[in-house]
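The exercises below are meant to be worked through with the sequence and the 3D structure in view.

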Amino acid sequence: MPAHPSFAGTPPFPEAARLALADPQLRANLARATATIRTKRARAVAERDDWEALRLAGAAIKDETLRDLPALLAQLEAGVTAAGGVVHWARDAAEANAIVVGLVREAGVDEVVKVKSMATQEIELNAALAEAGIAAWETDLAELIVQLGEDLPSHILVPAIHRNRREVRAIFEREMGRMGRPAPADLSDDPRALAEAARLHLREKFLRAKVAISGANFAVAETGTVMVVESEGNGRMCLTLPDVLITVMGIEKLLPTWRDLEVFLQLLPRSSTAERMNPYTSMWTGVTPGDGPQAFHLVLLDNGRTDTLVDPVGRQALRCIKCSACLNVCPVYERTGGRAYGSPYPGPIGAILTPQLRGINRGPVDAQTASLPYASSLCGACFEVCPVRIDIPEVLVHLRAKVVEQHGWRAHASEESVLMAAMGWTFRSPRRLGLVERAGGLGGRLIGRGGHIRRAPGPGLLRAWLRGRDLETPSRESFRRWWHRTGRHEDRA
Amino acid sequence: MTDAREVVLDRIRAALSDRPAARPVPRDYATALPSDTDAVDLFARRVADYRATVHLTAAADLARVVASVLTDWGVRRLVVPAGIPDRWLAETPAAVARVGDDPALDKPDLDAMDAVITDCAVAIAETGTIVLDGRPSQGRRVLSLLPDRHLCVVAADRIVGTVPEALTQLDPRRPQTWISGPSATSDIELERVEGVHGPRTLDVIIVRADG
């Protein structure tokens, strides 16, 4: 039975960030990985002249979805049911977990295979299954690394982004044998060899699995179709081989029409893995006689989504398609890694989504949650890369105002100092700082066609910074000045 | 469970009590390739970008190309869905055992197969994608999943330019698998490795219209 560490107990962001910043291996791993993916994404996106039109369409479709959510959910439910599936509704994590545990017990098994799923991370389903005596085997390579390492995920797309190849080899050598087929005796740290070890380790689990649990990237209300995008084929294994498939899906992951997929099947792969298309996309509508699982259960999850929907500014966070592009461009994320955010949703999107899912729109939240809207320099790079145009800086500022209202502005004075430490790389060097400042002047000239701001020149991280600075004129006001201005303003209000 | 359903729907309605304004979805993105782009040529290049192997052939030579791929792979047992025309395998050596899926193969048997041959429902040039939808020439989804090598025959007239064009030709009620290259992962240091759980080798034969 694998162990299931929890994000519960993560200290507020400044403290968690300090710990992360003190780990040079973590910082090196993150810097390398995020630099790679940033470059690749920029290339994949530059290939499409109509990228901005796709983003505008994506944002509008998601807004339409949220606006019509009750009718669309009912339509999805009808479509899934008509095609032989069963739809369940869950108000919160506990209810969703109870539904899933009940279904697995009904199937009479004590293990399940899992496709990487943010929703099941969020509700800590694996721990709930373990409590019921059910082993949940993660099958995505990065999830497997996290699970075997008894670790917490640190990135939406690549949960083991904080691990390098030597660490992965050590985890495989040490842990695989405890959970099933051991790693080959002469395992090297070549990613090819490590992927092969995972293939062999998981194959026996795929072949004997009776129940699989997945999330969903999208569901189409019009047709009742549910969809999972992936790369490795572990998703196909889980979605095809077992007798019973249980999909846990947030109520916001809907699209109104089949046609709408034409937008999201283009936005998501380029934004997340920086590919024209991910290797595998599976779509299914209910049950197909003679092909794949003959029982399909769809669990529709609220768990704070309606608490997010309630806020006219904050609800745009529910457009998120979990691509993780905002993590990869975030100068704060790059330094602290994902675990400092204390939630399966790290980075800029996590900083606006987690507090809302945890009820900040309804009333005061705990100190860790309240610290999250401060885990940003408001540089704006996240908005620029967001495929559904979530104005993350806008929501961050909006949520900071709520925190100030609820806790008083002095409660978070220390966030500022930690952010400055995280940003020290830039600010410590007069040359780098000079480049950043100069970028302010470049900004005007970099505004391209249609008023969209184009990429600034420069290497890696610096370019991400410059890009942000070009984009977000508000960020030319220093964080310190901004803090005092808005903090005092709210304090008096 | 009805309870939870009503509660969630009520919560949504209450959350939307500000009645956000409806706005039309702008669809100003491209739905077709530029008119001077050769879709077949683009498809071939894009599939090759994923490190899949692409073969171009005339219909008259298809059986020869199929045979040569299977021979190169050293295939001894080939899964052949019911809808694959016999003539595609007319030149494949008798040493390659053809295994049908009727009665349905069980998982361990399928796992022991060397390769599978299918066609596709539609192929997308821009993204180098083939789409399977479970028709008889493709069979159950698992047939193209467990064998380690997948040979996909793509008739040139099944190739469309773009994702929007492909969606108009697909039936949402059929289970679909969109395949863009062999299985891959970038989970270790974001270095791409081809070949994890799905078929590690993907060959695509594009069959040009005769004449």
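**Exercise 1.** Which residues of strand 4 (residues 115-118) of chain B point one way, and which point the other way?

*Solution.* Before starting, note that this is a predicted model, in which local features need pLDDT of at least 70, side-chain atom pairs count only at pLDDT 80 or more, and totals for chains, interfaces and linings use all residues. Residues are numbered from 1 along each chain as its sequence is written, while chains are lettered from A and ligands numbered from 1 in the order in which they are written.

A residue is buried if 20 or more other C-beta atoms lie within 10 Å of its own, exposed if 12 or fewer, and partly exposed in between, with the C-beta atoms placed from the backbone.

Step two is to sort the side chains: B:Ala115 and B:Ile117 point one way from strand 4 of chain B, B:Val116 and B:Thr118 point the other way, and all are buried. In a regular strand the side chains alternate between the two faces of the sheet.

Step three is to look for the neighbours, where two strands count as paired if DSSP finds at least two bridges between them. Strand 2 (residues 77-79) of chain B runs parallel to strand 4 of chain B and is joined to it by two bridges, with B:Val79 having B:Val116 as its bridge partner. Strand 7 (residues 149-155) of chain B also pairs with strand 4 of chain B in the parallel sense, over four bridges, and here B:Ile117 has B:Leu151 as its bridge partner.

**Exercise 2.** Describe chain B as a whole.

*Solution.* Begin with the inventory, which for chain B is five helices and twelve strands. The radius of gyration, taken over C-alpha atoms, is 21 Å for chain B, well over the 17 Å that the globule rule (2.2 Å times the number of residues to the power 0.38) gives for 211 residues, so chain B is more spread out than a compact globule. Along the principal axes, the C-alpha atoms of chain B fill a box of roughly 70 × 50 × 40 Å. Finally, 46% of the 211 residues of chain B count as buried.

**Exercise 3.** How many residues of chain B are in contact with chain A, and which element of chain B gives the most?

*Solution.* Two residues are in contact if their C-beta atoms, placed from the backbone, lie within 7 Å. By this criterion, 60 residues of chain B are in contact with 73 residues of chain A. The elements of chain B that each supply at least two residues to this side include helix 1 (2-15), helix 5 (163-168) and strand 9 (176-179), and helix 1 of chain B gives the most, with nine residues.

**Exercise 4.** In what order do the eight strands of the open sheet with mixed pairing follow one another?

*Solution.* The order is 8(A)-5(A)-6(A)-9(A)-9(B)-6(B)-5(B)-8(B). The edge strands, each of which pairs on one side only, are strand 8 (254-255) of chain A and strand 8 (159-160) of chain B. Between the chains, strand 9 (residues 280-285) of chain A and strand 9 of chain B run antiparallel and are joined by four bridges, and A:Tyr280 stands opposite B:Ile179. Within chain B, strand 5 (residues 122-124) and strand 6 (residues 129-132) pair in the antiparallel sense over three bridges, with B:Ile124 opposite B:Thr129.

**Exercise 5.** Is helix 16 (residues 347-357) of chain A largely enclosed or largely open?

*Solution.* Chain A comes to 24 helices and ten strands, and 59% of its 493 residues count as buried. In helix 16 of chain A, eleven of the eleven residues are buried, so this helix is largely enclosed by the rest of the structure. Its buried residues are covered by elements of chain A including helix 13 (305-309), helix 15 (331-336) and helix 19 (392-407). Helix 16 of chain A is followed by A:Gly359, whose phi is positive, near 100 degrees.
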